[in-house]
Amino acid sequence: MGRAGTGSGGATVAVAVAGPLLLMLLAGPPPAVAGDSRKSDVRLVSEHFSQSPQKLSFYSWYGSARLFHFRVPPDTVLLRWLLQVSRGSSPACANMEITVYFRYGAPPVINPLGTSFPANTSVQSPFFIKMLQSNASINISHPAPGDWFVAAHLPPSSQKIEVKGFAPTCAYIFQPDMLIVRAVEVFILEPNVPLPQTLLSHPSYLKIFIPEYTRELRLELQGCVSNGSLGCPVRLTVGSATLPRNFQKVLTCISPTWACHLFLPSPPGDRWLQVTAKSLAGPHVLVAFRAVAALTACRPWNLNSQHLLQSIPNQSCNASTGLLTPSPGCHGLGRSSRVDGGHFCLVSYPVIREDTDVVSVRFWPADRVPVLVRSATPSVMRLYLSTGMDSGGSLTISLQANKTAITNNTLVAVCVNAASPFLGFNTSLNCTTAFFQGHPLSLSATSRKADLIIPYPETDNWYLSLQLVCPESPEECEQASVLVETTLSLVPCLNDCGPYGQCLLLRRLSYLYAGCSCKAGWRGWSCTDNSTAQTVAQQRVATLLLTLSNLMFLAPIAVSVHRLLLVEASVYAYTMFFSTFYHACDQPGEAVLCILSYDTLQYCDFLGSGVSIWVTILCMARLKAAQKHVLFLLGTLIFAMSLQLDRRGAWNMMGPCLFAFVVMVTMWVYRCRYRRHCYPTSWQRWVFYLLPGISMAAVAIAIYTSMMTSDNYYYTHSIWHMLLAGSAAFLLPPREQHTKPWACSQKLICHYQICKNHREDLYTVT
């Protein structure tokens, strides 16, 4: 049986030094997969595939995981993942647990946060490993050819809001390499033609082509001889290994008295099926046998438009009226097992595929007719999801039965399968085909509706099979029939992630997939988990806190106007206005108001905050008017440029503010040396204004850089607003007491006035 791992018991992880191992495997001859390891198998070749590394992130939603997309070529007998993680050398780079997921056919559906999925969602537990060291490897025997996906992420992110440039960071770089061993000598097993095989040291690789709509595959070993004896120590592994679940079939032939054969119902059609024969005898024991494959064909009756048009005038299968009057046309769909003189095992309804957008498809039955379900044969619809770009969304299936046709003793059994349709409703209802466990549904008189959601469906043809079943009284199903309305679609995000989420299209190289980014405390695959969600009242309180806290800027505005600092007052008014409406637009829930685009409001808020600090510090420096206004304008331009480069970079804002602080300290020191007295000279100024203002500013910086989390953001950021505005009101310098501002000191005969601003005096006593 194909296995993922290095041990014989299942999926185990082999931790090894991936770099030297990769060089050894590529430089040397292809390794022997089975048999005598001292002699390599010349029928095998090795190939190596790699992708550019990606920086890992702490997990908060699906976009946090880094996705890698590989394609495994046909006839691959061994797949080895070489996983490498490199980290920085800073002290913040500690050992971090990295989770790596693997899946065949579609991206892995992961749930690290343990959130709930939407109702009627079918999710398989993903196959994953946790890496605690820098290198690891995983082996998968006989992997399925096609798309394979690897996803990796760091542990779930903390709730703390880190300020870029202040918190220590560490880069974890993840890179998977794919090394495959492929068979170049594969025997073709033709139906009903015995294929002689001889096993000694190495296994034998065979494959058989399975036509579409094959009902059953019978694989048998005949004439098995082991060194002249009648024993048959042979193990056949049929099919390819897939993750997270493996449906390979193993046939072990040991006793010569047992019939050595294997039955596979509904094998995947229109593809090659891999078969590996391995000797269970010693390495030097010769085993000979003949492999015989027999296929049982399933002839579908394709319900084309002509049949539909013929049945509608007879009112036997009319979709608009829902009439189910018995007629020859409708009998041909159900009870009879022959149509036009030929046997058939299913009724195939034609399906129209309509591509509406990226990862967005609708499926329509031809002529929009409902599906007629009978008890004799299944009604099957094929959904084409094999374009290679259909696995990045969610497949939604909605069924509704006619309420007048279904009775208490009848049941519409439904199976949704990939690769091949389920046809065994008469013997079982578990929806299991040869290599796939389907998704069962049912419609009854008490439950006439059924829904199914499959996130990230495998890249393949999907089949919807329906059949009428009467468990208690089978005779009631002979003449009964039920019309079933179908709504089939592939959507990027279910319900567009709802009112508390945003559907985002993600890309890895040329592969596109979608994910939901939730807000307002909602979580889950489609933002339907409200275990940590905010109520509407909490959202409104948060909005009021963040917006009304900006009214504290009225204090520095009033102080600036009273002291005739009109430029400073204008800056504070600008900051108050845009901070208020930015936070009104920034809310994740229903209490949202946006007067401009979100990006514009955010930019203006950040610009106003930085310039407010800039003008406050320069105003405290008591420069001459011309110098001060030049620095005001120059600093504003520098802030505008730096925020455009990196809006959230802490040093883009702190750098100019530190420069202004140096200017202020320089001017204060100059005044102290010139006057030989401390500046400012008044102790009341220090005790009642400067020290409270500096304390408020220090507390505001501490809260902004180290105390904000996602849970307390509404409170801590509101306090930041009030402390920032309050410190500006305390730190603004006072107005001169003995002179009138901008007073005219001399009149010229030409009636012009030479005006002198006494506040420009560097040595004014305050």
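In this predicted model, the count of disulfides comes to 9. A disulfide is a covalent bond between the sulfur atoms of two cysteines.

One of these pairs is formed by Cys 298 and Cys 345, whose sulfur atoms are 1.4 Å apart. The torsion about this S-S bond is about 60°, so the disulfide is right-handed. Cys 298 sits in the loop between strand S19 (287–297) and strand S20 (300–302), and Cys 345 in the loop between strand S22 (342–343) and strand S23 (346–349), so the pair ties together parts 47 residues apart in sequence. Both Cys 298 and Cys 345 are buried.

A disulfide also joins Cys 415 to Cys 431, with an S to S distance of 1.8 Å. The link of Cys 415 and Cys 431 is left-handed, with -75° about the S-S bond. Cys 415 belongs to strand S29 (residues 411–418), while Cys 431 lies in the loop between S29 and strand S30 (439–443), 16 residues apart. Cys 415 is buried at a relative accessible area of 1%, and Cys 431 is buried at 0%.

In the disulfide of Cys 493 and Cys 503, the sulfur atoms are 2.1 Å apart. The torsion about the S-S bond is about 75°, so this disulfide is right-handed. Cys 493 is buried, with a relative accessible area of 8%, whereas Cys 503 counts as partly exposed at 25%.

The UniProt annotation "transmembrane region", from an unreviewed entry, covers residues 630–645, 651–670 and 686–707. Residues 630–645 are 100% helix, with end C-alpha atoms 23 Å apart. Residues 651–670 are 100% helix, and the end C-alpha atoms lie 28 Å apart.

Conventions:
Residues numbered from 1 in each chain as written. Predicted model: local features only at pLDDT ≥ 70, side-chain atom pairs only at ≥ 80, totals over all residues. Heavy atoms only, no water. UniProt positions renumbered as here; feature names shortened; annotations may be inferred. Helix = DSSP H or I, 4+ residues; strand = E, 2+ residues; numbered from the N terminus. Disulfide = S-S within 2.5 Å. Buried < 20%, exposed > 50% of the residue type's maximum accessible area, 1.4 Å probe, protein only.
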